[in-house]
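Here is a walk through one protein chain, taken a region at a time. Keep the model open and follow along.

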Amino acid sequence: AALVLSSAKRGEEMLRAGITAARDLGGYEWIELALRDAFAKGDWLGPRLMCAGKVLTMTGGHGWSIGLEVDGPDEVRKAARLNLKKGADCIKIMATGGVLTPGVEPGAQQLTEPEIRAGVEEAHKAGKRTATHAQGTEGIKAALLAGIDTVEHGIFLDDETIGMMVERGTVLVPTLAAPYRIVEAGEESGIPAYALEKSKRVMSAHQKSFEWAARSGVTIAAGNDGGTPFNPSHDLVIEIRLMAEWGLGNAGAIRAATYGSARALGLSEETGTVQTGKWADFLILKEGADPLKDINALSQVWMVVKQGKIVVKE
């Protein structure tokens, strides 16, 4: 019950910061689906949510404590079907290890291509999109071969995986802020030593992979992996700033946070650009704020319009 209340507050904080749509890519006992519906009905202030339900991970794999542990394509298929039965909008598959789970290696592949493919097939049959936590090269490649729609993190990219993403139109959600905020906070903040060590180890590769993908024309979306240490969901400006500084420039980073993010959510026909026939989803900044000159100006929100309605006004 306490988690529901704090999550509702978090949704309001996101909307007030100008985030009109978002994905929840790893929920808890499917409570986020009720929040999604409450936000949609206007019972609570919050963004338009696309929810994945519980993540699909191998036994002992990254995120096992909040996910569904699956081994073999049949178990993946059944778990994906369970999430869809509960009302999930997309399916999240853990292709590699990660930073915050003890005892797993970020670069190591976990679920195999046939296992990932089973989850992708079930989602696509239902008309839903798929996302993968994928940090290591082989895991990223397996997910791409399996038909995944978005790659989250993409820390260890190479020529082949970047080429595959461009060819397939796969969206990269780099989540640059997640390790950055952990390293910035440091050991004195109470972050476990194993998480800090892994974050420091991957940061350089993460930046290089992002710069490489940006130069190569990969479609990039803004997602900050909100909820990781010292990285609140509503603070997307840090993520956008890092993307601007590391290769996209201010205008490119804003495009990633609008059109790119709409592509990631499967909503690019409805929103993400200012065009006749699309939903009016936008924010208006305070007088004098110019994010093309200073990207941090995006935090100076005066008004937020969500699906054609003014939902926040300072």
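Start with Glu-29, which sits in the loop between β1 and α2. Keep in mind that this is a predicted model. The phi of Glu-29 is near 55°, a positive value in a residue other than glycine. Glu-29 counts as partly exposed, because its relative accessibility of 43% falls between the 20% and 50% limits.

Now look at Trp-30. Trp-30 also belongs to the loop between β1 and α2. Its phi is positive as well, near 65°, and Trp-30 is not a glycine. Is Trp-30 buried or exposed? Trp-30 has a relative accessible area of 15%, so it is buried, the cut-off being under 20%.

Gly-26 lies in that loop too, between β1 (21–24) and α2. Gly-26 is partly exposed, with a relative accessible area of 27%. Beyond its neighbours within four places in sequence, Gly-26 is in contact with Gly-53, Val-55 and Ile-66. The C-alpha atom of Lys-92 is 7.2 Å from that of Gly-26, although 66 residues separate the two along the chain.

Follow the chain into α2. Helix α2 (31–41) and strand β12 (309–313) each supply at least two residues to the lining of the second largest pocket. The largest share, three residues, comes from α2. This pocket has a volume of about 240 Å³. Its lining includes Phe-39, Ala-40 and Lys-41. Trp-44, Leu-45 and Gly-46 are also among the lining residues. By type, the lining divides into six nonpolar, three polar and three charged residues.

Next comes helix α4, residues 113–125. Its 13 residues reach 18 Å from first C-alpha to last, close to the 18 Å expected at 1.5 Å a residue. Which residues of α4 are buried? They are Glu-115, Ile-116, Ala-118, Gly-119, Val-120, Glu-122 and Ala-123. An α-helix has 3.6 residues a turn, so residues three or four places apart point the same way. The cover over the buried residues of α4 includes α3 (73–86), β5 (90–94), β6 (129–134) and α5 (137–145). After α4 comes Gly-127, with a positive phi near 75°.

Helix α8 covers residues 193–216. Its 24 residues should span 34 Å at 1.5 Å a residue, and its end C-alpha atoms are 35 Å apart, which agrees. There is still a kink in α8, of about 35°, centred on Val-202. Val-202 is one of the buried residues of α8. Others among them are Leu-196, Met-203, His-206, Phe-210 and Ala-214. What do the buried residues of α8 pack against? Their partners are the strands β7 (150–153), β8 (171–173) and β9 (219–220), together with the helices α6 (159–168), α7 (177–185) and α9 (237–265). Just after α8, Gly-217 takes a positive phi of about 90°.

Finish at Ile-295, in the loop between β10 (282–285) and β11 (301–306). Its relative accessible area is 6%, so Ile-295 is buried. Not counting residues up to four places away in sequence, Ile-295 touches Val-237, Ile-240, Arg-241, Asn-250 and Ile-254. Glu-245 is 50 residues from Ile-295 along the chain, and their C-alpha atoms are separated by 9.6 Å.

Conventions. Residues are numbered from 1 along each chain as its sequence is written. This is a predicted model: local features need pLDDT of at least 70, side-chain atom pairs count only at pLDDT 80 or more; totals for chains, interfaces and linings use all residues. Side-chain values use heavy atoms; hydrogens and water are left out. Helices (H or I, at least four residues) and strands (E, at least two) are DSSP runs, numbered from the N terminus. The expected span of a helix is 1.5 Å times one less than its number of residues. The bend at a residue is the angle between axes fitted to the seven residues ending there and the seven starting there. Buried means under 20% relative accessible area, exposed over 50%, partly exposed in between (1.4 Å probe, protein chains only). Contact means heavy atoms within 4.5 Å. On a 1 Å grid over the protein atoms alone, a cavity is a set of points where a 1.4 Å probe fits but cannot get out, and a pocket is an open set with protein on both sides within 12 Å along at least five of seven lines; lining residues have an atom within 4 Å of a point. Grid points are joined across faces, edges and corners, and a volume is the space filled by probe spheres set on the points. Ala, Val, Leu, Ile, Met, Phe, Trp, Tyr, Cys and Pro count as nonpolar, Asp, Glu, Lys and Arg as charged, and the others, Gly among them, as polar.
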